[in-house]
Amino acid sequence: MYVPKESQAKQGGTAAKAREGEKGGKRKIVAQNKKARHDYAIVDTYEAGIVLTGTEVKSLREGRTSLTDGFVQIDRGEAWLHNAHIPEYHQGSWTNHSARRKRKLLLHREEIDKLEAKSQETGHTIVPLALYFRDGRAKAEIALARGKKEYDKRQTLREKQDRRESDRAIAAAKRKQRAAQ
């Protein structure tokens, strides 16, 4: 759901702080979950490290991964990423990993506790939004999200289309004004 910048609620978590420049380093995005942003209203975002094997890192560096079916589950005080598809490394041997194994996410204890409490509420879930490298380390941007109803999705698409049309009309008016000068 798109909300203009001035009326957006302040997002917490380490991912929002990292985007604001409190943590250094550039993000090299490997995969994004656009379906999650369409299907869910994002409540809060977090940056988490991921425990990976060597062939998984090599496969990620090739940019071959998918998060569309992924979800995060808190189990015994630990966060786990399920159903994220990182294909086998094509030059790997017997050391290759399984493509859809569950992967441990590295978060602070307070963040895990907060996510666990919030995800217990009705309609809330934890979804991965992106996988990326920051300073050579693989990170996952995860979000506490609330499921959208079908009419919310249609309304979001309508707002997006209206905004696009108004931007086009403004640009056409400016072009016309410049041509008249």
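A: Contact here means heavy atoms within 4.5 Å. The model is predicted. Helix α3 (residues 54-61) lies across β1, β5, β6 (124-134) and β7 (137-147).

Q: What makes the angle of α3 to β6 about 80°?
A: Axes are lines fitted to C-alpha atoms, and angles run from 0 to 180 degrees between N-to-C directions. On that scale α3 runs at about 80° to β6.

Q: Which residues of α3 are called buried?
A: Buried means under 20% relative accessible area. Thr55, Glu56, Ser59 and Leu60 of α3 are buried.

Q: Why are the buried residues of α3 said to line one face of the helix?
A: Seen down the axis of α3, they fall within an arc of 140°, so they line one face. These buried residues pack against β1, β5, β6 and β7.

Q: Why do β2 and β5 count as paired?
A: Two strands pair if there are at least two bridges between them.

Q: What makes β1 and β3 edge strands?
A: The open sheet has seven strands in the order β1-β6-β7-β2-β5-β4-β3, with antiparallel pairing. β1 (27-32) and β3 (71-75) each pair on one side only, and they are the edge strands. From one strand to the next, the twist averages 45°.

Technical notes:
Residues numbered from 1 in each chain as written. Predicted model: local features only at pLDDT ≥ 70, side-chain atom pairs only at ≥ 80, totals over all residues. Heavy atoms only, no water. Helix = DSSP H or I, 4+ residues; strand = E, 2+ residues; numbered from the N terminus. Buried < 20%, exposed > 50% of the residue type's maximum accessible area, 1.4 Å probe, protein only. Arc of directions from axis to C-beta.
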